[in-house]
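Please look through the sequence and the model before reading on.

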Amino acid sequence: MGKKDKNQAMVEDAKGNMVPKGSALDPEVVAELAKKRAEAAARRAAKAAAKETHTDPAAGVEPVEDDAPAKGAKARREAAAMKRSEKGPSRRQKMQMEKEAKAAAEAEAEQAVRDDPLGQFMLTLASKGGFAATGGGDEDAPDTGDNIMVSGFGVIAPGGRVLLQDSTLRLLKGHRYGLMGPNGSGKSTLLRFIAAKAPHTRLPVPNDLDILLVEQETKASEVSVIQQVLAADTKRSELLKEEQELWALVGDDEAAEEKTKDWTAEQWEKTLTRIDEVAEELTARGADAAEGKVRRILSGLGFTRAMQEAGSTLLSGGWRVRVSLARALFREPSFLLLDEPTNHLDLNAVLWLEDHLAKRFKGTALIVSHDADFLHNVCTDVLDLNNHQLEYYPKDVYKFLAGRQGRDAKRAADYNLQERTMKEQLSKGLSKKEAEKKVLQVIKKPALMEKPKEYKVTFSFKNPEDDAPTIAVMGAGFGYPNTAPLFRKMSFSVGTHSRVAVVGPNGAGKTTLLQMLTGKLLPTAGEVQPHQKLKIGRFDQHFEELLPGEMTPAAFLKHEYGLEMHEARKSLGMFGLDGPQHIIPIAELSGGQKARVVFASLSQQKPQVLILDEPTNHLDMESVEALVAGIKAFEGGVVLVSHDARLIIESECEVWVCEGAPALAASPKHTGIRIEDRGFNQYRKDVLRVVEAAALAEEKRAAEKAAEGRRLAAIRRKKLDKLRAAKN
């Protein structure tokens, strides 16, 4: 929709939400589409009936007399069909057609949102004097260097919900901002508006400013991953292609000679000069070092050499997101926007990424993440989106989180002062407009506040009634068919006093170990024996295995644990699931909403041991904090796999490092798993050292390849000089 137009029409939909008139959500548009689809369906039904009775619908149908002699079941069916065709579709058919038309209209609206994610949002802007955008794109914007400053803007979501109001965006060169705020506050939408290219959905920042948003996976491609990432530097790719074409022209083969046989001396000089210029441009861009840089990045993100050389068609969506992230890090835009970059990374890759952004990335970054430890180690500033405003705080994320309760209390106090002052002014006989002006002077804010919404999440797990049962692992090993084994001769026990964080590189067997402990996988050697009275509470990323999709969350808890409906809904609310989602089928919930249903279910089970596989993947930061508190208060055992360092550290877990097949191959005594007695911080240091060594090795190999390229370039240069001398 773009900039707010005073004359823009809004209409109310069936749910009472305000939507743009004429859009795919306009009730009149939906109704008209439904009518057309119903008419089309009626015509199809009439044709089908006519075909069944062997008649031409345009010629009419001969009536069937009531006392006609019976001609069998087929004749009666034909007669009934002819009568139906005269009357048109039945009531049931009409209802079905209307349902199909409505579904089609909704699908069309959803597709429109996918095609233009910001198309249904409204961007409101203040007068031009309120803006300052850098880079030379806006003639009216003052020159503020390489910073972005936009003031007085707002964003309204579909249905009229305000996300931002009279806000100021200030991004200073070289700073890395952690964008925080409750789920649904508009963080991802703000990133999209900053990165938007279309004029109607663009904040007033210069068109030539290099802004890159990473939020989606790359498309699957047969092209090798290394080449996909190198192609992100489009200028380098264009220069290399031009250089190849120019050298093909001046080659000594028959095809080149045929093309240049009639060239003048001027044409030769122009071509040879351009070859020189392209070579200089490639040198200035560091083209020789590009492959080494890319291989360092891919290695840090967990790509093996074989994965780098292969295409991405067989990669999962999560790995293709890593390709997108690698392309962005290689390209190094002036402004890098990251939306939950750690969601598809394992812990080792998260640790490398935070180190890379903090030490190597020189641009400005704006990052949305639920991982407080990641933001704390990367960001120089905190940007808090709360109550429709952007507020700025210095670096320390943990200090910011610790002060949130005090800030919430102040907001509540400011709102109460606003309401009291408003009543006082109105009681004096002032008009509403005059009273509002007085209130704003008292509360010292640009606009009246909405009542602060309390967002409180509590993760509480019922303590076990018996602390004796354990899981006994006796000489156990495991390997998948036709692959090297991951574990062998493991012997340990897990009980109600265990606190274990399983860490390790991708493919080392972390999830496999958890599945062995829960009985989902059986060992290929030895035994894993849970006590017969042991109750395990399991959180798995594959929600469909833990939840009945056809039931509602409230009905599921009521049925599974014998709760009253109000008790079930109270439990769901504690874990942050909004009321309307309590009574819709679980299959229709988002990943984050399903995760909360699983946690609510775990809270009712009284397990002796919780086994959690990536429990923070779908949670916001407030929920991660609540999960940490819930685990710390839980009196049973905990075994978890997580890429969230804060969860591991604050849960006070013992660190078990999965080292998998390589460790077994290196030592006959290795079981595939070891305990890191020095704690998580030492593990972090070890990971960065190992990853850095692997990255350096990749860079060295690429440098050797580049040196060979320079040697060949020198030979070509001599050839070029001889060619120039010969043509002159």
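This is a predicted model: local features need pLDDT of at least 70, side-chain atom pairs count only at pLDDT 80 or more; totals for chains, interfaces and linings use all residues.

Residues are numbered from 1 along each chain as its sequence is written, and side-chain values use heavy atoms, with hydrogens and water left out.

The protein chain has 24 helices and 22 strands; helices (H or I, at least four residues) and strands (E, at least two) are DSSP runs, numbered from the N terminus. Of the 728 residues in the protein chain, 44% are buried, meaning under 20% relative accessible area with a 1.4 Å probe, protein chains only. Contact means heavy atoms within 4.5 Å. Among contacts in the protein chain between residues at least 6 apart in sequence, 70% join residues at least 24 apart.

Helix α4, residues 187–195, is mostly covered, with seven of its nine residues buried. These are Lys187, Thr189, Leu190, Leu191, Phe193, Ile194 and Ala195.

Further along are helix α18 (residues 553–561) and helix α19 (residues 565–574), whose axes come within 9 Å and cross at roughly 120 degrees. Axes are lines fitted to C-alpha atoms, for helices over the stretch in contact, and angles run from 0 to 180 degrees between N-to-C directions. α18 and α19 are therefore oblique to each other, since angles under 35 degrees count as roughly parallel, over 145 as roughly antiparallel, 65 to 115 as roughly perpendicular and the rest as oblique. On the α18 side, the contact is made by Pro553, Ala554, Leu557 and Lys558; on the α19 side, by Met565, Ala568, Arg569, Ser571 and Leu572.

How values were computed. Buried means under 20% relative accessible area, exposed over 50%, partly exposed in between (1.4 Å probe, protein chains only).
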